[in-house]
Amino acid sequence: SFREGKLIRAKYGHKEDEAAFFEILKAREGRFKFNPELPPDETRTQDIGNFLKLLMEGARRMDEENDPST
């Protein structure tokens with residue numbers, strides 16, 4: 001879930017929040033559904049972080065995992 005460009009909730013398998021977000025980035029295929037409104041219980045949830053910052057961190061982690069020199 002997003003609010004004003006910030007990630008406020010992520011679930012993927014048994015993982016949640018940042019861990020779930022980074023696992024989602026690794027997925028090679030899948031489907032998603034977009035709902036323009038937040039559920040009432042998420043309107044005041046504290047954010048996990050800025051989406052672009054998390055995206056860049058996820059890309060860095062994936063690069064490190066795929067680097068044969070590490």
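**View 1. Glu 4, an exposed residue in the loop between β1 and β2.** In this predicted model, Glu 4 has a relative accessible area of 78% and is therefore exposed (exposed is over 50%, buried under 20%, partly exposed in between, with a 1.4 Å probe and protein chains only). Its phi is near 50°, a positive value in a residue other than glycine. Strand β2 covers residues 6-7; strands (E, at least two residues) and helices (H or I, at least four) are DSSP runs numbered from the N terminus.

**View 2. Asp 17 in helix α1.** Phi of Asp 17 is near 60°, again positive in a residue other than glycine. Asp 17 is partly exposed, at 32% relative accessibility.

**View 3. Packing of α1 against α2.** Helix α1 (residues 17-26) and helix α2 (residues 51-66) pack at an angle of about 60°, with axes 10 Å apart. That angle makes α1 oblique to α2 (under 35 degrees is roughly parallel, over 145 roughly antiparallel, 65 to 115 roughly perpendicular, the rest oblique). The contact (heavy atoms within 4.5 Å) involves Glu 18, Phe 21, Phe 22, Leu 25 and Lys 26 of α1. From α2 come Phe 51, Leu 54, Leu 55, Glu 57, Gly 58, Arg 61, Met 62 and Glu 65.

**View 4. Model confidence by strand.** Mean pLDDT (predictor's confidence in each residue, 0 to 100) is 87 for the protein, and 97% of residues reach 70 or more. Confidence is lowest in strand β1 (residues 2-3), at a mean of 84, and highest in strand β4 (residues 15-16), at 94.

Residues are numbered from 1 along each chain as its sequence is written, and side-chain values use heavy atoms, without hydrogens and water. Local features need pLDDT of at least 70 and side-chain atom pairs count only at 80 or more, whereas totals for chains, interfaces and linings use all residues.

Notes. Axes fitted to C-alpha atoms, helices over the stretch in contact; angles between N-to-C directions.
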